[in-house]
Amino acid sequence: MSEAEDGGPPARPFRVLPAVTPETEHFWTGGAEGELRFLRCKQCGHWIHPPAPVCPACLSREVAVAAASGRATVHTFTVNWQPWYPNLDPPYVVAIVELPEQPGLRLTTNIVGCAPDEVRIGMAVEVVFEEYDGVWLPLFRPVGGGAAEDPTEGPSGSEPHE
Amino acid sequence: MSREPGERAAVISGVGQSQVGRRIYRRPLDLTVEAALAAIDDAGLTRDDIDGLATYPGALAVPPGFSGVGVTEVQDALRLRLDWYAGGLELPGQLGSVANAVAAVATGLARHVLCFRTVWEASAQGDKGRAAVTPGGGGAGGGGSGGSGGFRASGAQQWTLPFGAPSAANWIGMMAQRHMHEFGTTREQLAQVALNGRANAAANPQAIYRDPLTLDDYLAARMVSTPLCLYDCDVPADGSTAVIVSAADAAGDLRKPPLRIEALGTALHGRPSWDQFDDLTTMALRDAAAMMWLRTDLTPADVDVAEVYDGFSFIALCWLEALGFCDHGEGGPYLEAGRPHRSGSLPLNTNGGQLSGGRLHGYGLLHEACLQLWGDAGERQVPGGPQVAVAAAGGGPLAACLLLTTS
């Protein structure tokens, strides 16, 4: 799962890829421009994930694609030791990260760029994309490349919403 | 309550179970027929009395062994004349199919509904293990970035499969990790679910694993997805379980006093998602359990035996909290205090649960709750004549529970 350390081509683990549809294209291809994109309500600013054609907060149907900061904190995680797929070798970290843009706005992802035993709940992470066949998977790595911890553990720097 | 809850118009009149085992290589319809005929006989009914059919998750080709038998195969095999039927996946978990049957009986659409759940996951895996049935891998034609099968994840699966998280072991592992973070729950506490199950399985001839299990064995077991080790995960099994839901006013036609359905819980108030739900230390079972208690004057203190879903040990802990046997976050200390033992104040998963009894997917627990209330549990019968039992199944965004009483 980690990037190659010798500068050569990174090891390519097996990935089940998502079906890219008109509804999800912004999410799965935003990484081409380095952006973590979601739908967002144009009326109240609520972030909408998974994509839906209506704002769940104010029921406005005026929604548009917007880029999030790419920052997040580790809400919880697991170190997977089970070999589910050939060529996806454990151990690797599966995590649910929460974005500062909105409480409860979360993604299931992998934490890369550090050893599995360095991952902690509350750790500050940032998005890094891996591209496979036209899909940019949003993975997250510790901010600054180290195991920095966010003592507040919750979302921080949120902008007003609703 | 101003109006009698509708579920009290329905009762459970009989239960049946097929042979249960690992890799017994019997066809799922064969297992289902065995369980169905046993349940019909247990109720004192005949095939001609069955006018309703309900199942979870209906016929599915993948993942292999998860289903394989739907409404149509069973109706045809038994030539049932159905006034009502329903099979499907989008339900409040496995026991959502029983809730469907209760609703059908309470509204008069059917009088005797055969409910069933069949699994043959052990045979489907064969000797290849889990990888043989993993979605997007061996379980769905391969594909992905390294394969040629062309499988692409859609719907809810697209948010987990690309990240190497195809299993509830991963999703529940993350919930357990969060629970440990917030409440200080320990692996030694989680272990109590597994150890209790194994101790009870010793008295269940149908159970898969019956040899003694110690805390040292548990702590030495290989990790699957932290903090869950091998013994936190239930064991894939082959077997079918059937339950007959009948109209309460049919009691005179039955072989034995039926079990009352005091209250049902089927709610999902949070988001239907493994990662977007508001509180990942509990999820949908919080809502289902709360609903159930709103529909009865009974309280958790009235429950004599609890059969709660233990697809993973952590889910059982969550159910104990959600059902009010202890406070939210206190499941670890509650388990450690020994109350769930057969001689304790709340006997739990008396057939070994799914961890040691086998993954019969919720229905095995309901079956056991019924046996305990009827006094038919043999060597593992809880002493003192239990009169109130809870059967609860599901985890993550799926959950339903039933409060059952003797007549």
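Reader: In β5(B), which residue is the bridge partner of A:L17?
Author: The model is predicted. Two bridges join β1(A) to β5 of chain B, residues 152–153. These strands run parallel. In β5(B), A:L17 has as its bridge partner B:R152.

Reader: Which elements give two or more residues to the side of chain A that touches chain B?
Author: The contact takes in 33 residues of chain A and 39 residues of chain B. Contact here means C-beta atoms, placed from the backbone, within 7 Å. On the chain A side, the elements giving two or more residues are β1 (17–18), β5 (71–80), β6 (92–98) and β7 (106–111).

Reader: Which are the edge strands of the open sheet of nine strands in chain B?
Author: The strand order is β3-β2-β4-β8-β1-β9-β12-β11-β10, with mixed pairing. An edge strand pairs on one side only. In this sheet of chain B, the edges are β3 (84–87) and β10 (305–308).

Reader: By how many degrees are neighbouring strands of this sheet turned against each other on average?
Author: The sheet is open and has nine strands. Direction is ignored for this angle.

Reader: In β12(B), which residue is the bridge partner of B:A392?
Author: Strand β11 of chain B covers residues 388–393, and β12 of chain B covers 400–405. Six bridges join these antiparallel strands. In β12(B), B:A392 is bridged to B:C401.

Note on methods:
Residues numbered from 1 in each chain as written. Chains lettered and ligands numbered in written order. Predicted model: local features only at pLDDT ≥ 70, side-chain atom pairs only at ≥ 80, totals over all residues. Contact = placed C-beta atoms within 7 Å. Helix = DSSP H or I, 4+ residues; strand = E, 2+ residues; numbered from the N terminus. Pairing = 2+ DSSP bridges. Axes fitted to C-alpha atoms, helices over the stretch in contact; angles between N-to-C directions.
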